[in-house]
Amino acid sequence: MSSSKAAANSANTTNFANRLFLYEVAGLSQNTETDKMGYPIRSSGSVYITVPYNRMNQEMQRITRMGGTIVSIQPLDGMMNSKNGVNGNSQSTGSAQPTASAQKSQPIIHGKSKPGVPVNLYKPKNPYLGKCIENYELVAEGGSGTVRHVTFDVSGGDLRYLEGQSIGIIPPGEDDKGKPHKLRLYSIASTRHGDHEDDKTVSLCVRQLEYKHPETGETVYGVCSSYLCNLPVGTDDVKITGPVGKEMLLPEDPEATVLMMATGTGIAPFRAYLWRMFKEQHEDYKFKGFAWLIFGIPYTANILYKEELEKLQQEFPDNFRLTYAISREQKNKEGGKMYIQHRVDEHADELFELMHKDNTHTYICGLKGMEDGIDSALSAAAERQGMNWTDYQKSMKKADRWHVETY
């Protein structure tokens, strides 16, 4: 936050009264307040907010109250000549309007975006209209819930993406207030070349959201997840936006050590990583490092992509390690249910040693809350080596080696 305040204080020394500024904000969690803002939020993603000069301080305070962190502040008029795209969810928080030149300019990508990373090629006002060409169940008989692998044909446009990014889906219809449904973000489960390795598809791993209404007890189904899970093959005009995200990108170093911790559909980006590392074998990327996936699920029947994962482990035993935490079938050392944090605890010393390598990247993806148990296990391992886990974790984040996407 200190760099953001410095930027604002610097702004206060100049006559910026009629200028607009672009805030890049990370860490906003989905809640009733952010729902009102209309942002498709992931806890690790960034949103971009257009702020008039006379509301800069108020906006800082508001973002802080909602748990966000201001990554950067840029004068909007100084960025208008860029030809790239910025997050399409920018929102003015005051009455000031962009100048005519700003309105006519092409969208922009913030300067911190990594070179070659496609961002917001398609936005909510002009989404890509894809076609569903595959939709099949991933949960075996006896498992819990419904999870579908859904693939879209994107050959008719320019929807490029990288492993670790997400796309938005806009379900058809309106909400109970008569407004169009908001888009939902889903982690991409395929490599940049798609499941068919022809650069023409993008795939998702979608769990149908289902819960009991706290007041009526009625079963409620998620709007977008139900739409996708029940989408017939051959369906045209599926509205797709994006791609978005740079937090979960796979390192380009083919010698890297990649540690992955997933629960449920958090497997999606890791499937993309593993397919690129081991299955595709493209000339421009030959993985020679080490990858370790720790996967938390309730039942064996809920191990998503089980056959493919275990086949990779058999074919690449020196480069890929697969560890399950099956909560309803396995017991931890205290005799309770085996969750992912218990597996991390079992292997904490080994994991912490691997994290000391300069080219080790650690990824966490899945349900929000899993980080606490993982931190606790690794904190104990760090303490055994006379180190402070919080400090070391901060150093990994600073080096762009610690990546989290939870929801």
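1. Overall make-up. The protein chain has eleven helices and 16 strands. This is a predicted model. The chain runs to 407 residues, and 49% of them count as buried. Take the contacts between residues at least 6 apart in sequence: 73% of these join residues at least 24 apart.

2. Helix 9 against helix 10. Two packed helices are described by the angle between their axes and the distance between the axes. Here helix 9 covers residues 348-355 and helix 10 covers residues 370-384. Their axes come within 9 Å and cross at roughly 75 degrees. Angles of 65 to 115 degrees count as roughly perpendicular, and helix 9 and helix 10 are therefore roughly perpendicular to each other. Helix 9 contributes Ala348, Asp349, Leu351, Phe352 and Met355 to the contact. Helix 10 contributes Ala377, Leu378, Ala381, Ala382 and Arg384. By type, the residues of this contact divide into eight nonpolar, no polar and two charged.

3. Valine 344. This residue lies in helix 8, residues 340-346. Is valine 344 buried or exposed? Its relative accessible area is 0%, so valine 344 is buried. Leaving aside residues up to four places away in sequence, valine 344 touches Met261, Ile294, Leu351, Ile374, Ala377 and Leu378. Look at Ile374 in particular. Valine 344 and isoleucine 374 are 30 residues apart along the chain, yet their C-alpha atoms are separated by 6.4 Å.

4. Aromatic pairs. A pair of aromatic rings is described by the distance of the centres and the angle of the planes. Counting rings whose centres lie within 6.5 Å, the model has twelve aromatic pairs. One of interest joins phenylalanine 352 and tryptophan 389. Their ring centres are 6.0 Å apart and their planes stand at 65 degrees, so the pair is edge-to-face. What does this pair tie together? Phenylalanine 352 is in helix 9 and tryptophan 389 is in helix 11 (residues 389-398), so the pair links parts that are 37 residues apart in sequence. Phenylalanine 352 and tryptophan 389 are both buried.

5. Aromatic cluster and a charge over a ring. Which residues form one aromatic cluster? They are Phe278, Tyr285, Phe287, Phe316 and Phe320. Separately, check arginine 321. Its charged end sits over the ring of tryptophan 292, 3.8 Å from the ring centre.

6. Cis peptide bond. Glycine 242 and proline 243 are joined by a cis peptide bond, with omega about 5 degrees. Proline 243 is found in strand 11, residues 238-244.

7. Positive phi at two non-glycine residues. Glutamine 281 is not a glycine, but its phi is positive, about 55 degrees. Glutamine 281 is placed in the loop between helix 6 (267-280) and strand 13 (290-297). With a relative accessible area of 35%, glutamine 281 is partly exposed. Aspartate 400 is not a glycine either, and has a positive phi of about 60 degrees. The loop holding aspartate 400 runs between helix 11 and strand 16 (402-406). Aspartate 400 is partly exposed, at a relative accessible area of 31%.

Notes
Residues are numbered from 1 along each chain as its sequence is written. This is a predicted model: local features need pLDDT of at least 70, side-chain atom pairs count only at pLDDT 80 or more; totals for chains, interfaces and linings use all residues. Side-chain values use heavy atoms; hydrogens and water are left out. Axes are lines fitted to C-alpha atoms, for helices over the stretch in contact, and angles run from 0 to 180 degrees between N-to-C directions. Helices (H or I, at least four residues) and strands (E, at least two) are DSSP runs, numbered from the N terminus. Angles under 35 degrees count as roughly parallel, over 145 as roughly antiparallel, 65 to 115 as roughly perpendicular and the rest as oblique. Contact means heavy atoms within 4.5 Å. Ala, Val, Leu, Ile, Met, Phe, Trp, Tyr, Cys and Pro count as nonpolar, Asp, Glu, Lys and Arg as charged, and the others, Gly among them, as polar. Rings of Phe, Tyr and Trp (its six-membered ring) pair if their centres lie within 6.5 Å; planes under 30 degrees apart count as stacked, over 60 as edge-to-face and the rest as tilted. Buried means under 20% relative accessible area, exposed over 50%, partly exposed in between (1.4 Å probe, protein chains only). A charge sits over a ring if NZ of Lys or CZ of Arg is within 6 Å of the ring centre and within 35 degrees of the ring normal.
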